[in-house]
Amino acid sequence: ARGHDVALFEVENRLGGQLNIAATIPGKIEFHELLRYMNRQVDRTGIDVRMGCRATAADLGPERYDRVILPTGVHPRMPDIPGIDH
């Protein structure tokens, strides 16, 4: 929307990260809709998506891109529940 040419490097073969896992939970249909919406936005905006591609420093050098944003995903947190490790 700001006029940038965007390239998205995705190491997996589909977008969505852990939302794809969350969408498998019974009763969580809203995650399917969110995934559908986000994928539609990527298609609509013409983002250059590179699936199954881990970006390297050489791929992202300053001669190629003005800015680089590195979303690294999340690590699940372990709640403090007695007996959770059993």
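A residue is called buried here when its relative accessible area is under 20%, exposed when over 50%, and partly exposed in between, with a 1.4 Å probe and protein chains only. The model is predicted: local features need pLDDT of at least 70, side-chain atom pairs count only at pLDDT 80 or more, and totals for chains, interfaces and linings use all residues. Residues are numbered from 1 along each chain as its sequence is written, and side-chain values use heavy atoms, without hydrogens and water.

Asn 20 is buried because its relative accessible area is 13%. Asn 20 belongs to helix 1; helices (H or I, at least four residues) and strands (E, at least two) are DSSP runs, numbered from the N terminus. The side chain of Asn 20 reaches the backbone oxygen of Leu 15 at 3.0 Å. With neighbours within four places in sequence left aside, Asn 20 is in contact (heavy atoms within 4.5 Å) with Arg 14, Leu 15 and Leu 35.

Helix 2 covers residues 29–45. Its 17 residues reach 25 Å from first C-alpha to last, close to the 24 Å expected at 1.5 Å a residue, where the expected span is 1.5 Å times one less than the number of residues. Val 42 sits in helix 2 and counts as buried, at 15% relative accessibility. Not counting residues up to four places away in sequence, Val 42 touches Leu 15, Ile 47 and Val 49. The C-alpha atoms of Val 42 and Phe 31, 11 residues apart along the chain, are separated by 17 Å. Just after helix 2, Gly 46 takes a positive phi of about 75°.

Gly 61 lies in the segment after strand 2 (48–51). Gly 61 counts as buried, with a relative accessibility of 6%. Between its C-alpha and that of Gly 73, 12 residues apart along the chain, the separation is 22 Å.

The largest pocket holds about 1,600 Å³ of space. A pocket is an open set of points on a 1 Å grid over the protein atoms alone, where a 1.4 Å probe fits, with protein on both sides within 12 Å along at least five of seven lines; lining residues have an atom within 4 Å of a point. Of the 37 residues lining the largest pocket, Ala 7, Leu 8, Phe 9, Ile 69 and Pro 71 lie nearest its centre. Strand 1 (7–10), helix 1 (19–22) and helix 2 are the elements that give two or more residues to this lining, and strand 1 provides the largest share, 4 residues.

How values were computed. Points joined across faces, edges and corners; volume = space filled by probe spheres on them. Polar contact = N/O pair within 3.5 Å; in protein donor to acceptor, adjacent residues only side chain to side chain.
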